Amino acid sequence: MSDLVNTRELTPGTHIVLVDGAVAEVVSNPLDGVWVVARYLSSPVDPSVVGQEEMIFAQDIAGVRAPG
Amino acid sequence: MTEAGYRTGLVDLAKGQISREIFVNDEIYVQEQERLFARAWLFVGHESQIPNPGDFFVSCMGEEGVILCRDRAGQIHVFLNSCRHRGMKVCRYDEGNTPVFTCPYHGWSYSTDGKLVGVPYFREAYHGALDRSQWGLVEVVQLCNYKGALWATWDPTAPSFHEYLGDFARYLDLSLDSWDGGDGGIEVLGGIQKWIIPCNWKFPAENFSGDSYHNISHRSVDLVGIGPSGSGRRDTRERELARRLQVSFYERGHQTGVYVLPSGQPIPLAYAHSPVVSEYFAHCEEQRRRRQGEWGRVIGSPGEVFPNIALHPRQPRTIAVWHPRGAHKTECWRWYFVDKAAPQQVKDFLRDYYIRYSGPAGLTEQDDMENWNYAHAASRGVIARRYPYSYEQGQGYERDNYEFDGLRLPGTVMDITEAKSSEHNLRNLYRRWAEFMEAESWDELATWRRGDQNHGIVRAAE
C-alpha cells in the first residue's frame, strides 16, 4: 500500500511532515492535487522559515503527523 | 495567391466580387491569425459569468485559449491559458471557482491575478534565483468592460474599445441594455452553447452581418411556426410597420440591420404564447420609449462587430463568436441573454424559445449551418476556386446622413424596405477584412483619425 499523501484530502489544521524534516500546518488547500498552503511549525534545515506561510509542493510532503 | 492585393484582387469592391480563396486558402487563414485576430478587439464573455472572486470562464480569442477570471480583489483579467514553463493549459475546465491555476505538467501555479506563486523545487533546483515576477501568465494588453460585456485585444497600439466601436455603440447597446433601456443590466442565461462546423468562420460572420437574402432557407421553420406567438419564427408585426435598414460603418467594419418605426408608432404586442411575457415586454417597450425618446423607435436585428462577433438583439437575444479553427473549420459559441430583473417565468419562456431557434439544436441555425457547410465544401476544389462570389446587390444605393421621420441614423444606410435585400453590409465586412489584411499598423487602420472618406465605394448617380 502506498504511503503517498493525497494532497486533495489535506484539510486546514492538518500537520504535515516534509521530506527535509520540517513540520507545517495546512492553512488552505486549492484542491489542485499539487499544492497546499501551510505554515511552518519547525524546520531543522532553515529555522528562519518557522511561522511563515508558503505553498508546499505535493512531492515535498513525506507524510501526515497524527494530532497531539 | 499573391501576397498583396486583397483590396484590388481578392476583394474587388468595384465589381462587387470576392474570391473564394479568402474562404478556403490555408495561407490566407494563417495570415488572418496575425493580421486580424491578434490586432482586433474580441468578445470574451460577460461579467455575469464571473460574479465572485475566484470565478473563471475559459474562453477563446481567435485560436488562443484564454482564461477570463475575477481575482481575489474583484478585478477582472484575461490571461492566455498556457503555462509559461512549457505551454500546457493551466486550466482545463470550462468554468468554475479557484484560488489558483496550477499546471498539471510540472506544477507551476498562478494566482487569479496571474502572478506565478508556486514553482516546484524553487530553492533546490532554481537555487531561489528564478525571477518569478517575470513569469506570470500572459495577460491581454487591453480589456474593456462595456455594459457587462467583456472585450479584449492583444495589441497595445489598438485604439480603445470605445474608439474601436465609434457610433456603432448605439447599435451594440440594443443587445446589451436591459430591454426597458434602463441600467438594470442583462445576464447570461444558462450555459454557453459550443459546437464545431466544417466551414470557414467568415461564412457565419457574413450571414449575421445582414444577409437577409437567405430568408428562403428558413421557410420551413416559418411554416412550422416556432415563434413566440405561434407563427413564423419570430414576431414580425413591427417589421411590417417599419423602415427596414442595413447600417454599415465603413471605417470600422461593424454592421447591422435595424427596423425604424414611424414617429409615434407604438410597438405591437408580441410573445402572444404567454400573457406574462407579453405584458413584460409591453411594459419594457413603454419604458424604453420614455427613456430613449426617438431612439426608442429603433428595433435591433442581426449584426456583427468586426471581425467575428455576431449580434442578435431580439428574438432570440444572443451573441455568438465564430472561433477560427483552421481554414475549413469553425467553433461556434453562443451566449443567450435575458434581463437580469425579468421575472423567472419570462426567463424560462425565453430559454425554451431561444433553444428552439438558435444553436446546434435550434431549427433556424440548423438551416444556416447546412448552407455554410455545403457552400464551403463546394468552394474548395481547384475549379471552384476560379469563380468569385457575387456581392453586387444594391451597389451604389447606400446613403450617408439617412433620416426617417425626424430620426437620423448613425452610419451609412441602405434602405431595403422596397428593395427587399442588399449586400451592403456584407461588402462592408470584406472591405474591412481586406484593410486589416493589408495594413501594417493601427496607424493605417484607424482611418477615421485621418478623416478618410474614400473606402472604395462606388456610388450610384444621385
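## A first look at chains A and B

In chain A, residues 24 or more positions apart account for 33% of the contacts with a separation of 6 or more. Please keep in mind as you explore that this is a predicted model. The points below start with chain A and then turn to a sheet, a loop residue and a helix of chain B.

**Chain A as a whole**

- Chain A has 5 strands and 0 helices, and from the N terminus on its elements run β-β-β-β-β.
- The radius of gyration of chain A is 11 Å, close to the 11 Å that the globule rule gives for 68 residues, so chain A is as compact as a globular protein of that length.
- The C-alpha trace of chain A spans about 30 × 25 × 25 Å along its principal axes.
- Of the 68 residues in chain A, 25% are buried.

**A sheet in chain B**

- Chain B holds an open sheet of 4 strands, with antiparallel pairing and the order β6-β5-β4-β7.
- At the edges of this sheet are β6 (76–80) and β7 (95–97) of chain B, each of which pairs on one side only.
- On average, neighbouring strands of the sheet are turned by 30° against each other, direction ignored.
- Strand β4 (residues 55–61) of chain B pairs with β7(B) in the antiparallel sense over 3 bridges.
- Within that region, B:D55 stands opposite B:N97 in β7(B).

**A residue in the loop**

- Between β6 and β7 of chain B runs a loop, and B:R92 lies in it.
- B:R92 has 11 other C-beta atoms within 10 Å; a residue with 12 or fewer counts as exposed, so B:R92 is exposed.
- B:C144 is 52 residues from B:R92 along the chain, and their C-alpha atoms are separated by 25 Å.

**Helix α9 of chain B**

- Helix α9 (residues 275–292) of chain B has 18 residues, which at 1.5 Å a residue should span 26 Å; its end C-alpha atoms are 25 Å apart, which agrees.
- The buried residues in α9(B) include B:V277, B:Y280, B:F281, B:C284, B:E285 and B:R288.
- Seen down the axis of α9(B), the buried residues fall within an arc of 135°, so they line one face of the helix.
- As background, an α-helix has 3.6 residues a turn, so residues three or four places apart point the same way.
- On the other side of α9(B), you will find B:P275, B:V276, B:H283 and B:R290 exposed.
- Part of what covers the buried residues of α9(B) is α10 (344–357) of chain B.
- After α9(B) comes B:G293, whose phi is positive, near 60°.

Technical notes. Residues are numbered from 1 along each chain as its sequence is written. Chains are lettered from A and ligands numbered from 1 in the order in which they are written. This is a predicted model: local features need pLDDT of at least 70, side-chain atom pairs count only at pLDDT 80 or more; totals for chains, interfaces and linings use all residues. Helices (H or I, at least four residues) and strands (E, at least two) are DSSP runs, numbered from the N terminus. The radius of gyration is taken over C-alpha atoms; the globule rule is 2.2 Å times the number of residues to the power 0.38. A residue is buried if 20 or more other C-beta atoms lie within 10 Å of its own, exposed if 12 or fewer, and partly exposed in between; C-beta atoms are placed from the backbone. Two residues are in contact if their C-beta atoms, placed from the backbone, lie within 7 Å. Two strands pair if DSSP finds at least two bridges between them. Axes are lines fitted to C-alpha atoms, for helices over the stretch in contact, and angles run from 0 to 180 degrees between N-to-C directions. The expected span of a helix is 1.5 Å times one less than its number of residues. The arc is that of the directions from the helix axis to the C-beta atoms.
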